Amino acid sequence: MKLRDLSDLAFRNLREAVLRNSLTTLGVAVGVASLVAMLSLGVGLQQLATSRLAKSGLFDSIFVTPKSNLRGPGGGPPATRPPDAKARLLDADARAEISHMPNVIEVYPQIRFFTEVRYDGKPFATMVAGMPESSKASGAFDGMQGSFFSSPNADEAILQAEFAKELNPQTSSLIGKDLIMRYAERQSLSSQAQAGDPAGNSGGFSVVPKEKHFRIIGIVETEPASGFGGFGSGRLLIPLPIAETLRAAQVNDLRDILRDSSSDKPTYSSLTVRVKSPSLVGATEAKLKDLGFGAFSLLDVSKTLQSFFTVLDILLAIFSSVALAVATLGIVNTLVMAVLERRREIGVLKALGAADRDVKQLFFVEAGVMGLIGGILGTLLGWLIGRGLALGTNVYLHSKNLSSVDISSVPVWLVLGGIAFAILVSLVAGLYPASRAARLDPVQALRYE
Amino acid sequence: MPDSQPAIQLDQVSRHYAMGESVIRAVDNVSVFVGSGEFLALLGSSGSGKSTLLNLIAGLDRPSSGAVIAHGQDLSKMSSLELARYRRQTVGMVFQSFNLLPRMTLEENVELPLRLAEVDRSERSLCVRQALERVGLEKRHGHRPSELSGGEQQRTAIARALVNRPKILLADEPTGNLDSATGESILTLLREIQRNPGMTIIMVTHERTLAERFANRLAVMGDGKLLSNGAAR
């Protein structure tokens with residue numbers, strides 16, 4: 001029989017026992033729905049985690065340090081250890097060279113320092129962090145009060161919400177106001193030191209208190225993790241270029257004193273290098289090491305994360321497949337019943353010239369149609385369940401004053417895969433009833449009342 | 001009118017069934033020759049083996065021994081796929097209980113053999129209309145079998161058997177479920193079909209008087225054996 005005639009007859013037969021076939025199809029739909037809903041959660045959570053992490057800059061960043069800094073406990077004192085010929089100082093030249101490497105988007109130092117903020121005549125001690133321009137895209141500034149820095153060189157500040165509350169519980173009134181930041185400027189003593197020390201291996205600086213005015217333009221929940229290697233959360237965020245020009249004394253400046261600093265140029269204890277995509281991290285990291293720098297990235301962590309989500313998806317799929325397995329038994333039962341009920345009809349078809357193959361195909365198509373309809377309904381239902389769970393989660397998050405997230409995602413492959421899987425499972429379920437129908441002896445079948 | 005061209009030739013055909021320890025000889029060493037265009041009535045009491053013999057000729061069953069030759073083809077040597085094609089193209093069947101599919105209209109019931117034969121949709125409606133006209137039911141094509149009388153249902157079954165233009169029409173007690181007047185009209189129709197377009201008909205019946213009036217030849221069976229082969233009339 002031609003496929004069109006087969007499907008025509010199959011639909012007719014399915015309509016005949018409409019309640020039973022609808023319930024069977026609904027069983028398939030529920031099975032597929034549980035599978036799709038579970039996987040949509042798995043996929044959604046993975047996407048959420050990946051995008052959050054990608055935005056955080058952790059996975060497209062490389063943390064660069066001067067190699068000479070990385071002395072392990074077994075390395076011995078500097079004098080007894082042969083100097084690494086390749087080790088290089090992390091200074092402005094190195095920064096320029098790294099920023100010209102292929103695939104590198106930006107190179108910036110971590111600048112964080114303690115400060116005293118004066119607002120409304122009162123002092124508040126806090127930590128300042130320099131924010132690179134790229135952190136605007138990190139997602140952490142989404143939904144902030146006010147706005148991001150108008151330019152990388154603007155004397156503007158963004159406050160962390162808790163800190164803002166300390167300044168004034170009515171945080172919205174802070175925007176547009178000015179504050180004074182008091183900080184310690186570092187003034188190099190290296191020229192004097194060099195003159196008095198022929199070895200040239202002692203550096204030092206004096207610290208001079210300074211003040212600078214900033215205008216508050218925004219308030220943000222948390223500081224975005226702009227790379228790693230920093231310590232302590234910044235509670236007063238200012239543009240990174242401004243932070244660099246301040247030459248404020250930083251905690252890790254203490255290392256500079258111990259370091260072989262014979263250069264007048266500013267050196268960095270660390271630089272964060274951002275590349276175009278996480279896939280380029282490995283190669284760039286290797287190149288940086290070749291140049292004589294210490295380099296470290298979180299690429300391995302991201303791989304671990306991926307395998308975790310793969311295992312999660314597999315587990316979710318296995319659990320939800322139980323429902324589909326029950327649905328499969330439903331199809332087998334319905335079709336076996338149909339074969340028994342339609343024995344006489346099968347006999348008539350055979351007497352009229354239907355081959356065993358035709359009868360088998362007819363039952364096969366009926367199973368496939370139930371699978372197709374069940375698959376479509378199930379995918380739709382699974383999507384709705386996923387949306388419902390996402391909605392419920394967001395209502396909960398909202399009640400806790402947390403920003404909303406999308407924990408469910410149904411990509412095209414899941415839609416097509418869900419339907420295809422339903423059809424496949426139904427066809428497998430139809431194998432036994434179909435071959436049983438095909439094997440019926442027509443003489444016996446025609447005698448059946 | 002009948003001629004001596006063989007349509008069906010049964011050569012020492014037996015069909016035995018094993019029933020526990022014993023063997024039932026439903027058809028026992030039967031040899032019959034049916035000429036092309038002949039109307040043969042197969043008479044016998046119930047359990048005489050006449051329906052089993054008809055099923056063997058229809059290709060629905062295979063003989064335990066012997067040869068069933070239809071238009072030169074030995075059915076016992078055919079594969080199940082070839083037998084299905086034989087049932088589709090060479091024979092048409094009519095049953096005592098009509099065996100129309102209840103959820104299909106007359107038109108759809110008659111169309112069924114054409115679907116199985118993979119005839120193009122465009123040709124089908126013409127074939128169906130002609131077959132229904134032949135049995136006088138063209139106006140009731142959209143009705144379902146349950147909306148028809150027994151005689152009309154049997155006419156529909158005859159239209160369905162004719163629609164693929166088979167060479168042989170096999171009828172198993174076609175009047176068994178009908179009153180005598182309706183039964184007569186059905187047999188009249190069968191005789192007309194035998195003459196025009198010209199068809200070999202083998203009819204199983206136990207109504208001797210009707211068989212004598214309409215068939216060319218009577219063959220009588222008893223206990224699986226052919227008791228009388230009759231003579232062409």
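Guide: Helices (H or I, at least four residues) and strands (E, at least two) are DSSP runs, numbered from the N terminus. By that count, chain A has 13 helices and 11 strands. This is a predicted model: local features need pLDDT of at least 70, side-chain atom pairs count only at pLDDT 80 or more, and totals for chains, interfaces and linings use all residues. Residues are numbered from 1 along each chain as its sequence is written, while chains are lettered from A and ligands numbered from 1 in the order in which they are written.

Our part is a sheet of chain A. Two strands pair if DSSP finds at least two bridges between them. Four strands of chain A form this open sheet, in the order S2-S10-S1-S11, with antiparallel pairing. Strands S2 (104-109) and S11 (293-296) of chain A each have a single partner strand, so one side of each lacks a neighbour in the sheet. On average, neighbouring strands are turned by 25 degrees against each other, direction ignored.

Now look at one pair. S2(A) and strand S10 (residues 271-275) of chain A run antiparallel and are joined by five bridges. Val104(A) has Val275(A) as its bridge partner in S10(A).

A helix covers this sheet. Helix H3 (residues 92-99) of chain A packs on the sheet and touches strand S1 (61-66), S2 and S10 of chain A. Its direction makes about 160 degrees with that of S2(A). Axes are lines fitted to C-alpha atoms, for helices over the stretch in contact, and angles run from 0 to 180 degrees between N-to-C directions.

Step back to the whole chain. Two residues are in contact if their C-beta atoms, placed from the backbone, lie within 7 Å. Among contacts in chain A between residues at least 6 apart in sequence, 84% join residues at least 24 apart. Of its 449 residues, 40% count as buried (20 or more other C-beta atoms within 10 Å of a residue's own, with C-beta atoms placed from the backbone).

Last, the neighbour. 16 residues of chain A are in contact with 19 residues of chain B. Helices H1 (3-16), H10 (343-351), H11 (356-399) and H13 (442-447) of chain A each supply at least two residues of that side of chain A. Across the boundary, the buried residues of helix H2 (residues 80-89) of chain B include Leu83(B) and Tyr86(B). The buried residues of H2(B) pack against H10 of chain A, and also against helix H1 (50-58), strand S6 (91-94) and helix H3 (106-116) of chain B.

Definitions and conventions: A residue is buried if 20 or more other C-beta atoms lie within 10 Å of its own, exposed if 12 or fewer, and partly exposed in between; C-beta atoms are placed from the backbone.
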